[in-house]
Amino acid sequence: MNEKKQYLLSFATIMSIFCMGQIPGSIDAAISLIAEEFHLSSTTGLYVTTISALASVIFSMLVGMFAGKKIGYRKLIYFCAITEMLGCLLPFLVNNFGLILVLRALFGIGFGGMMSLENTITTILIPKEKRASVLGFGTFFGFGANCLLQFLGGVLADIHWNYVFLNHLLLLIPFAIILFLCPDIDSLAKAEQPAEENTEKEPMPKNVFAMWCMMGIMGITIAPLLIGCSFLSTEIHPSAAIAGVVAVFFSVGCMLGGLCYPHVFKYLRRHSLPLFLLVTATGYVGCALARNIPLLCIMIFIGGMGFSMSQASAMMILGLAASPSQLAMASASMMALFNLGMFLSSPFDALVGKITGDSLYLPLYIGAALLVLFAVVFRLRSPFPENQVTQPESEKTHK
């Protein structure tokens with residue numbers, strides 16, 4: 001197979017993995033309708049989403065332990081893709097809340113595995129000089145798929161609550177690409193392995209721990225923006241339709257951030273992550289201060305841009321810092337901690353509310369402060385490996 005065809009197959013596969021690995025909110029528009037259908041409280045109805053997050057955390061760790069070692073990458077991708085499709089389509093045929101939860105857990109296993117493999121597969125298949133661009137496009141397509149499924153799910157849920165699951169029929173496109181076009185990832189991974197024979201005995205680099213910590217905290221702090229945006233918008237204007245539009249602006253921001261990432265990274269390199277974190281923090285504070293819908297949309301858009309570029313940077317750092325034998329565990333652990341952080345965001349908000357009486361706005365300010373702290377630390381000591389990332393052209397010229 002010639003090099004160009006190999007690259008195109010790799011690119012299509014990676015984009016499909018991102019599309020199937022970035023859609024945890026695909027049925028959010030119908031959660032209240034599902035709770036109403038089965039006569040459940042709003043908090044119980046949320047288990048339709050949180051059960052997927054919990055399952056993804058557990059399976060992400062298993063992926064990190066076995067991917068490329070005891071189970072081949074391609075077999076694991078096939079398993080995750082099939083599991084995810086079963087878990088997201090079969091609930092349409094079910095009229096029992098307990099069984100829906102079981103199937104949603106199955107969905108969580110599938111998308112959690114896909115999310116954990118995004119960075120690993122990109123690192124294996126894509127040359128280092130093209131990796132930032134591919135990660136940016138992956139973020140764009142992943143959040144684009146989530147945005148499209150959210151919108152379509154809302155339209156279908158208005159017809160009947162269980163029609164929301166039919167929005168996942170769109171995933172048959174990336175599913176088919178993965179099933180029929182996925183290259184031989186395992187052979188390509190082994191080609192890089194000989195020079196790394198003893199890396200399994202090496203400790204995980206400090207850069208990796210820094211990204212684990214950052215993404216775990218971002219999981220806790222981004223949820224008040226994602227989940228809280230509906231409450232923030234209804235505080236301004238009590239309309240579910242407007243709340244849905246506000247939520248879509250976050251995904252659109254993430255999409256644009258994915259497209260911008262490789263271009264910003266090209267010029268700022270090691271100094272890019274602090275900027276992305278500050279952009280995200282600006283979105284947090286802006287959403288907390290916004291008192292009209294247009295401004296709220298702009299601020300949540302900015303928060304989405306910063307978040308997607310920060311996530312792409314974290315993936316890039318892991319790909320550069322971790323050895324091939326460590327990468328699967330490093331990437332899976334990072335995404336597991338992020339999803340765990342999102343699950344813990346509700347008790348975090350509740351705790352802040354219990355102590356201060358403000359569980360809506362104050363968590364956003366706290367989140368912004370934590371991100372600014374990370375930005376300062378990473379500006380003083382960049383987490384990008386020094387021997388892997390060159391300086392910006394502007395710095396070279398200055399010197």
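Tutor: Let us start with the naming of elements: helices (H or I, at least four residues) and strands (E, at least two) are DSSP runs, numbered from the N terminus. H39, for instance, lies in the loop between α2 (31–37) and α3 (42–45). This is a predicted model, in which local features need pLDDT of at least 70 and side-chain atom pairs count only at pLDDT 80 or more, while totals for chains, interfaces and linings use all residues. Residues are numbered from 1 along each chain as its sequence is written, and side-chain values use heavy atoms, with hydrogens and water left out.

Student: Why is H39 called exposed?
Tutor: Buried means under 20% relative accessible area, exposed over 50%, and partly exposed in between (1.4 Å probe, protein chains only). H39 has 73% relative accessibility, so it counts as exposed. Its phi is also worth a look: the value is near 55°, positive in a residue other than glycine.

Student: Which class does A176 belong to, and why?
Tutor: A176 has 29% relative accessibility, so it is partly exposed. This residue is part of helix α8 (residues 172–181). A176 and T13 are 163 residues apart in sequence, and their C-alpha atoms are 9.8 Å apart in space.

Student: How do you know whether L360 is buried or exposed?
Tutor: With a relative accessible area of 18%, L360 is under the 20% limit and so is buried. L360 belongs to the loop between α15 and α16 (362–380). Its C-alpha lies 7.4 Å from that of P224, a residue 136 places away along the chain.

Student: How does the length of α6 compare with its expected span?
Tutor: The expected span of a helix is 1.5 Å times one less than its number of residues. Helix α6 (residues 97–125) has 29 residues and reaches 41 Å from first C-alpha to last, close to the expected 42 Å. Helix α15 (residues 324–356), with 33 residues, reaches 46 Å, close to the 48 Å expected.

Student: Where do α6 and α15 bend?
Tutor: The bend at a residue is the angle between axes fitted to the seven residues ending there and the seven starting there. In α6 there is a kink of about 40°, centred on L117. α15 bends by about 40° at L344, and a proline, P347, follows within four residues. Just after α15, G357 has a positive phi of about 85°.

Student: What makes α6 mostly covered?
Tutor: Of its 29 residues, 23 are buried. At the start of α6, a side-chain oxygen of N96 comes to within 3.0 Å of the backbone nitrogen of G98.

Student: Why is a set of residues called a nonpolar core?
Tutor: The label goes to a set of buried Ala, Val, Leu, Ile, Met, Phe, Trp, Tyr and Cys residues joined through side-chain atoms within 4.5 Å. The largest such core here has 96 residues, and those with the most contacts inside it include Y73, I121 and M334. Helix α14 (residues 293–321) gives the most to this core, with 16 residues. Apart from it lies another core of 13 residues, among them F38, V48, V94 and W161.

Student: What does M335 touch?
Tutor: Contact means heavy atoms within 4.5 Å. Leaving aside neighbours within four places in sequence, M335 is in contact with M115, S116 and Q311. M335 is found in helix α15, and its relative accessible area of 2% is why it is called buried.

Methods: A polar contact is a pair of N or O atoms within 3.5 Å; within protein, one must be able to donate a hydrogen and the other to accept it, and residues adjacent in sequence count only if both atoms are side-chain atoms.
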